[in-house]
Amino acid sequence: MTFAAPLEAKSIRFRARSFVAFTLTPEAPLADWLEGLDHWIGNSPGYFAGRPVVLDLNTLKPDVAAIESLVGVLGHRGIRIYAIELDGHTALEPNLPPVLVGAKEATTDGLLPGRKARAEGTSEGNAEGRERSAPEGRAGKAGASKAGESESGHEASGTLMIKSPIRSGQAIVHPHGDVIVLGSVASGSEIIAAGSIHVYGTLRGRASAGALGNKGARIFCRRNEAELLAVDGWYVTAEEMEGVSRGKPIQAFLDGDGLRVETLS
């Protein structure tokens, strides 16, 4: 007589994980908004490649057919939408990304309350940082810097210090404070920081400071050869800086409603 012991069922573990996602907020007229997006992509090819992007439709409030069309249009531009924000909806069509409910905006001081608890009136035409929860196993955990083999260290203040050059293709994402690079930043690389960015060598890649809404953040570098500089979503490209601040020590900061780049003496 053969006796088969019952198989012990293994439990499946699910965990929440927070990470920073970029939010696109389309505005009417949509054709003009897409034209501005194409300008951004043209000046910084591959900017959205591999990034988690949330589509905030609370300003545009399109119908389901328009949402399907917009998701497709963004997909053709290399922007993959992994979730949608739309108040009053908990689900859309099965072929569309899921609807996020109760998401909170990430800032340098923590998480802000949801949309309904915040004052309206901020312009969100550019990419901004949001903190999301996702099942364990997703790439891109908050606070994880994709620095390859770059030697780095966290200071007690939340500053990330990188003691070696940043090579092409590397991305440093630091949502907890400033980033200091003691070497150079190669073309094709990128730094994203919640605070300010300090580069003590040549900056040839892309630098985005104040990524979580810090309007007082600044970018400093000893030699400006940057592909793109951005503070709190406001940006300038290499073409716009040509002949003005290229090859010089500079600082970039918000001045009124625009990004100002000035040389350092």
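The legends below describe close-up views of a predicted model.

Residues are numbered from 1 along each chain as its sequence is written, and side-chain values use heavy atoms, with hydrogens and water left out. Because this is a predicted model, local features need pLDDT of at least 70 and side-chain atom pairs count only at pLDDT 80 or more, whereas totals for chains, interfaces and linings use all residues.

**View 1. Confidence along the protein chain.** The mean pLDDT (the predictor's confidence in each residue, from 0 to 100) of the protein chain is 77, and 72% of its residues reach 70 or more. Over residues 107-150 the pLDDT is below 50, although this stretch has 119 contacts in the model beyond near neighbours in sequence, a contact being heavy atoms within 4.5 Å. Where pLDDT is low, the predicted coordinates should not be read in detail.

**View 2. The largest nonpolar core and leucine 203.** A nonpolar core is a set of buried Ala, Val, Leu, Ile, Met, Phe, Trp, Tyr and Cys residues joined through side-chain atoms within 4.5 Å, where buried means under 20% relative accessible area, exposed over 50% and partly exposed in between (1.4 Å probe, protein chains only). The largest such core has 27 residues, of which Val181, Ile191, Ile197, Val199, Leu203, Ile219 and Leu229 touch the most other members. Leaving aside neighbours within four places in sequence, leucine 203 is in contact with residues including Val185, Ile219, Cys221, Arg223 and Leu229. Another core, of 26 residues, lies apart from the largest one and has Tyr47, Leu92, Leu228 and Ala230 among its members.

**View 3. The salt bridge between arginine 77 and aspartate 38.** With a salt bridge taken as a side-chain nitrogen of Lys or Arg within 4 Å of a carboxyl oxygen of Asp or Glu, the count comes to nine. The side chains of arginine 77 and aspartate 38 meet in one of them, at 2.6 Å from N to O. Arginine 77 lies in the loop between α2 (64-76) and β3 (81-85) and aspartate 38 in helix α1 (residues 30-43), so the pair ties together parts that are 39 residues apart in sequence; helices (H or I, at least four residues) and strands (E, at least two) are DSSP runs, numbered from the N terminus. Arginine 77 is partly exposed at 28% relative accessible area, as is aspartate 38 at 34%.

**View 4. The salt bridge between arginine 206 and glutamate 227.** These two side chains meet at 3.6 Å from N to O. Arginine 206 belongs to strand β13 (residues 206-209) and glutamate 227 to the loop between β14 (219-224) and β15 (228-231), 21 residues apart. Arginine 206 is buried, with a relative accessible area of 9%, whereas glutamate 227 is partly exposed at 21%.
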